[in-house]
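I open a new page for this structure. The entries below record what I looked up, in the order in which I looked.

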Amino acid sequence: MSIKNSFKNFFYLEEYEEDQPQQQNQQAPRQEQPASPEIRKSPKERRQKATEANVPNLVSLQTAASKSSKVHLAEPRVYAEAQDIAEHLKSKRAVVVNLQRIEKSQGLRIIDFLSGTVYALGGDIQRIGTDIFLCVPDTVEVDGAISDFYYDEEQ
């Protein structure tokens, strides 16, 4: 066996049946059987399957509770901070967003961005005050509602 053939065999560059000497194929005609699925897979696929088999699908309750029980408070000053808020949502943390210190147009853009993020994550966004919003991922359930009636400060 040449070095080239051993290299091909090592990296499975040739089919399994091509490794057989040609003399055997000429002597006795036989029905071709497909190579087993394990042989056809690349070494990377076999390693990935072995790794997946060793990793259980269990999550401890303490780990799950610690990740979902955090609430982040955000008071963005510029539109660019919306991406940081979205990262918290992706990390399964609820976020309270206070938009009282930003221009209305920038606040609307931030809420549009966060609405898309929450929708993509299957979460929820609710208004909880004047220019204050609660954004939650799918792991957090919001119960109750706050009325839309707000007192005017001039009264």
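I start with a term: buried means under 20% relative accessible area, exposed over 50%, and partly exposed in between, with a 1.4 Å probe and protein chains only. By that scale Lys104 is exposed, with a relative accessible area of 59%.

Before going on, I note that this is a predicted model, in which local features need pLDDT of at least 70 and side-chain atom pairs count only at pLDDT 80 or more, while totals for chains, interfaces and linings use all residues. Residues are numbered from 1 along each chain as its sequence is written, and side-chain values use heavy atoms, with hydrogens and water left out.

**Entry: overall layout**

I looked up helices and strands, which are DSSP runs numbered from the N terminus (helices H or I, at least four residues; strands E, at least two). The protein chain has seven helices and four strands. I read their order along the sequence as α-α-α-α-α-β-α-β-α-β-β. Of the 155 residues in the protein chain, 17% are buried.

**Entry: the hairpin**

I went to the end of that pattern. Two strands pair if DSSP finds at least two bridges between them. Strand β3 (residues 124-129) and strand β4 (residues 132-136) pair in the antiparallel sense, over five bridges. Arg127 has Phe133 in β4 as its bridge partner. The hairpin has two residues between its strands, and Asp131 takes a positive phi there.

**Entry: positive phi**

Which value does phi of Asp131 come near? I found it near 60°, a positive value in a residue other than glycine. Most residues other than glycine have a negative phi, so I wrote this one down. Asp131 sits in the loop between β3 and β4, and at 17% relative accessibility Asp131 counts as buried.

I noted Lys92 as well, with a positive phi near 65°. Lys92 lies in the loop between α6 and β2 (94-98). Its relative accessible area of 32% makes Lys92 partly exposed.

**Entry: salt bridges**

The rule I used is a side-chain nitrogen of Lys or Arg within 4 Å of a carboxyl oxygen of Asp or Glu. How many salt bridges does this rule give? The count is five.

I returned to Asp131, which forms a salt bridge with Lys104, the closest N and O atoms being 3.0 Å apart. This pair links distant parts of the chain, with Lys104 in helix α7 and Asp131 in the loop between β3 and β4, 27 residues apart. I note that Lys104 is exposed, whereas Asp131 is buried.

Glu87 forms another salt bridge, with Lys90, at 3.5 Å between the closest N and O atoms. Both residues are in helix α6 (residues 82-90), and because they are three residues apart they are separated by about one helical turn. At 39% relative accessibility Glu87 is partly exposed.

The side chains of Arg77 and Glu75 also meet in a salt bridge, at 3.9 Å from N to O. Arg77 is partly exposed at 47%, and Glu75 is partly exposed at 33%. A network of salt bridges links Glu75, Arg77 and Arg101.

**Entry: the largest pocket**

I used a 1 Å grid over the protein atoms alone, where a pocket is an open set of points at which a 1.4 Å probe fits, with protein on both sides within 12 Å along at least five of seven lines; lining residues have an atom within 4 Å of a point. The largest pocket has a volume of about 160 Å³, volume being the space filled by probe spheres set on the points.

Which residues line the largest pocket? Among them are Leu99, Lys104, Arg127, Asp131 and Phe133. Helix α7 (residues 104-121) gives the most to this lining, with four residues.

**Entry: the nonpolar core**

I last looked up the nonpolar core, a set of buried Ala, Val, Leu, Ile, Met, Phe, Trp, Tyr and Cys residues joined through side-chain atoms within 4.5 Å. The largest one has 14 residues, and those with the most contacts inside it are Val97, Leu99 and Leu114. At least two residues of this core come from each of α6, β2, α7 and β4. Helix α7 supplies the largest share, four residues.
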